[in-house]
Amino acid sequence: MSLTNVVSQIETLRPFSSDAERCVALHDFVRDEIEFGFTSGFESVRPEQTLELKRGHCNVQADLFRALLEFVGISARLRFVDLDKEVLRYAVPWPVFVLLPPKLFHALTEVEVGGRRVRTDSYIFKTAMFQRQREKLGQSGLTAGFGLGEDATCEWNATGDAFAQAHSSDVNDGNAVYQSLEAALSDKAGNNRLLGIHFNQWLGCVPGSFRRASEHYLNSRLDGS
């Protein structure tokens, strides 16, 4: 599936009376069609590849949403915040969680709609999965974990900020802003590393025959296996 196919399908389902409605429809497509999880390509995955894989972590989901918005002529970019790794407690295997840096380089999609810029990452989990993770978080007594931040939501109306993993306090003038995930990688931005080595380099060293096993392990907590 291509960006063209996605937009064509969405546009034929119903007419849109505003850019805000179009933004929400594209947001909901990413939320409903892309499973939250990790792939061996990690952040080197392009938006079209994410569509093919139907799975991706926060940054590639953000980049897909950004690409879809730009495809329909809506200005969008990526704003990277320092996300507390506690959000991923019980969402990734324990050894991986322990080795993660305290702060993660996390992308929000920043959209220009209605004459203002609004930010969101509320597309991360499919609605049913969001509800399950939210229930686990509530039972745990933690304020963040299972892939969700405090006050997490999976709904967005394009009139204000909405977050599943980030928090409004994470957004500030010091955030790095890039036009795409590819641009951020080219600039060697961020600290998504294990033992000082970027996740992309780690996963790039995994032989092809073991990539499925490594993906299965990374996603085991999310898949319930």
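Modeller: Let us begin with helix 2 and helix 4, whose crossing is right-handed. The model is predicted, so local features need pLDDT of at least 70 and side-chain atom pairs count only at pLDDT 80 or more, whereas totals for chains, interfaces and linings use all residues. Residues are numbered from 1 along each chain as its sequence is written, and side-chain values use heavy atoms, without hydrogens and water.

Colleague: Why is the crossing of helix 2 and helix 4 called right-handed?

Modeller: The crossing of helix 2 and helix 4 falls in the right-handed class, so here the near helix is turned clockwise. The axes of helix 2 (residues 19-33) and helix 4 come within 10 Å and cross at roughly 145°. Axes are lines fitted to C-alpha atoms, for helices over the stretch in contact, and angles run from 0 to 180 degrees between N-to-C directions. Helices are DSSP runs of H or I with at least four residues, strands are runs of E with at least two, and both are numbered from the N terminus.

Colleague: Which residues of helix 2 and helix 4 meet, and how many of them are nonpolar, polar or charged?

Modeller: Cys 23, Leu 26, His 27, Phe 29 and Val 30 of helix 2 meet Gln 61, Leu 64, Phe 65, Leu 68 and Leu 69 of helix 4. Contact means heavy atoms within 4.5 Å. Eight of the residues are nonpolar, two polar and none charged. The nonpolar class holds Ala, Val, Leu, Ile, Met, Phe, Trp, Tyr, Cys and Pro; Asp, Glu, Lys and Arg are charged, and the others, Gly among them, are polar.

Colleague: How do you know how helix 1 and helix 4 are oriented to each other?

Modeller: Helix 1 (residues 3-13) and helix 4 (residues 58-71) pack at about 70°, with axes 10 Å apart. Angles of 65 to 115 degrees count as roughly perpendicular, under 35 as roughly parallel, over 145 as roughly antiparallel and the rest as oblique. Helix 1 and helix 4 are therefore roughly perpendicular. The contact is made by Leu 3, Thr 4, Val 6 and Val 7 of helix 1 with Leu 64, Ala 67, Leu 68 and Phe 71 of helix 4.

Colleague: Why is the link between Arg 31 and Glu 155 called a salt bridge?

Modeller: A salt bridge requires a side-chain nitrogen of Lys or Arg within 4 Å of a carboxyl oxygen of Asp or Glu. The closest N and O atoms of Arg 31 and Glu 155 are 3.5 Å apart, so this pair qualifies. Arg 31 lies in helix 2 and Glu 155 in the loop between helix 6 (127-140) and strand 6 (176-178), so the pair ties together parts 124 residues apart in sequence. In total, the structure holds 16 salt bridges.
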